[in-house]
Amino acid sequence: MHYAYPSKFPLDILDVMRERENICNYLDMPLQHISDNMLKAMKRQMETQEIYDLVDAIRDKVPGICLRSTLIAGFPGETRDDVEQLKTFLEKVRLDRVGIFTYSHEENTSAYGLVDNIPAEEKEARAQEIMEVQQEISFEKNQEKIGNTYKVLVDKIEAGRYLGRTEFDSVEVDNEVIINTDDELPIGDFVNVKITKAYDYDLEGEIV
Amino acid sequence: MKTKSIKRDKVNIITLGCSKNMVDSEVLSGQLNANGIKVMHENAKLDHNIVVVNTCGFIDKAKEESVNTILEQVELKRDGKLDKVYVTGCLSERYRNDLKNEIPEVDAWFGTMELPLILKQFNADYKQELVGERLLATPKHYAYLKISEGCNRTCSFCAIPLMRGGHVSKTIEEIVAEAKKLVSMGVKEIMLIAQELTTAWIFIKNVH
């Protein structure tokens, strides 16, 4: 599911996600930032603590849910403290996946009236800095999957290897599972795969 | 008696940007197909004579990619390899007036809410009864399902409401019908998408 908005998020719909076998436990919720300074400037209708609480509440509702989010680096007026708060947030809540955009100054938006004061290189550097924090977390989270068995949807065959995805991985943006097998697998079928290796953004395993 | 062979039009749709845009391309191709017009997504064989570029206008990099794609297609038209180039989607919605002047070789420009007008350009009719009828651009085992359009939030950085308008949810009946249709086509995984899912869920909950 892409993309849920955090403010006024109806938590009770997650009961359905938890209870139904056929709904992937997956939610993509762009949070954009975490500091009160930035949330206010971005007009996100939420405060820092509310976002922390929301992430907890979502995980209480659906244990093991895959939470993906996207963030913006270099919004007008973003301070070093804002960047640090964002890194701390990522370290504390350990989201499953994060994408990051550098701020783009768009005409006819209300932020266009602000001064786009952060140079392009600095925006890139901040995005990189924040992503490095997450990369470590994504790597560790993938390591934790070694030895587990997942139901995997076989997507395609590439360079002689089958690639698929678990319910925690959406198309194009998330992990792919490299499926090691000597058998022929029909594309679009589900198979059970035991994970044997894990990388930053991919998994590898064998059919069980 | 000699018969003059009439070349039949073949349309290629090039989609840029997000999965919501891809769904729009799938709906357009479904409608063209139902009107007896040959249509492909990202046709690699290059045996088409008409191109529709479905653009993205979200941030700088995306806009640049869209403009470059339009220019490539215009170049092909200039070389006699294409008869017509049409442009639709978010970039066109947002900057149509400027672009018309900048790239006059484009045969027609359309906004994001002008599907019937695009069809008219092909002497085709918008068929209301075809709701949910799409020529999928994804592999046949997964598909996107757009449950709402537009966004009422007022995030200061975001240009999406300028291009997609205010929030409009589909009804649960429409969503279920479309999901069933996808399943009957062999789809195993449906990804629920929207510019803003939260408001769509609140809407659906309030109605039921």
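This is a predicted model: local features need pLDDT of at least 70, side-chain atom pairs count only at pLDDT 80 or more; totals for chains, interfaces and linings use all residues.

Reply: A residue is counted as buried here if 20 or more other C-beta atoms lie within 10 Å of its own, with C-beta atoms placed from the backbone. By that criterion, buried residues make up 37% of the 208 residues in chain A.

The C-alpha atoms of chain A occupy a box of roughly 60 × 40 × 30 Å along the principal axes. Its secondary structure consists of five helices and eight strands, and along the sequence these elements follow the pattern α-β-α-α-β-α-β-α-β-β-β-β-β. Of the contacts in chain A with a separation of 6 or more, 71% are accounted for by residues 24 or more positions apart.

Where they meet, 13 residues of domain 1 of chain A are in contact with 11 residues of domain 2 of chain A. On the domain 1 side, the elements of chain A that give two or more residues are β1 (26-28), β3 (97-102) and α5. The largest share of that side, five residues, comes from α5(A). By class, the domain 1 side in chain A divides into four nonpolar, six polar and three charged residues.

Helix α5 of chain A, residues 120-143, also packs against helix α4 of chain A, residues 80-93. The angle between them is about 15°, and their axes are 9 Å apart. Angles under 35 degrees count as roughly parallel, and α4(A) and α5(A) are therefore roughly parallel to each other. The crossing of α4(A) past α5(A) is right-handed. On α4(A), the contact is made by A:Val83, A:Leu86, A:Lys87, A:Leu90 and A:Glu91. The residues of α5(A) that take part are A:Arg126, A:Glu129, A:Ile130, A:Val133, A:Gln134 and A:Ile137. Taken together, the residues of this contact between α4(A) and α5(A) comprise six nonpolar, one polar and four charged.

Chain A also touches chain B, in a contact that takes 30 residues from chain A and 26 residues from chain B. Strand β4 of chain A, residues 149-158, supplies the largest share of the chain A side, three residues. The chain A side of this contact divides into 17 nonpolar, seven polar and six charged residues.

Chain B is likewise divided into two parts, domain 1 (10-129) and domain 2 (138-207). Their centres, taken over C-alpha atoms, are separated by 22 Å. The contact between these domains takes 11 residues from domain 1 of chain B and 10 residues from domain 2 of chain B. The elements that give two or more residues to the domain 1 side in chain B are α1 (19-34) and α3 (90-102). Of these, α1(B) gives the most, with four residues. That side of domain 1 of chain B has five nonpolar, three polar and three charged residues.

Methods:
Residues are numbered from 1 along each chain as its sequence is written. Chains are lettered from A and ligands numbered from 1 in the order in which they are written. Axes are lines fitted to C-alpha atoms, for helices over the stretch in contact, and angles run from 0 to 180 degrees between N-to-C directions. Angles under 35 degrees count as roughly parallel, over 145 as roughly antiparallel, 65 to 115 as roughly perpendicular and the rest as oblique. A crossing is left-handed if the near helix is turned anticlockwise from the far one by less than a right angle, and right-handed if clockwise. Two residues are in contact if their C-beta atoms, placed from the backbone, lie within 7 Å. Ala, Val, Leu, Ile, Met, Phe, Trp, Tyr, Cys and Pro count as nonpolar, Asp, Glu, Lys and Arg as charged, and the others, Gly among them, as polar. Domain bounds come from an automatic or database domain assignment. A residue is buried if 20 or more other C-beta atoms lie within 10 Å of its own, exposed if 12 or fewer, and partly exposed in between; C-beta atoms are placed from the backbone.
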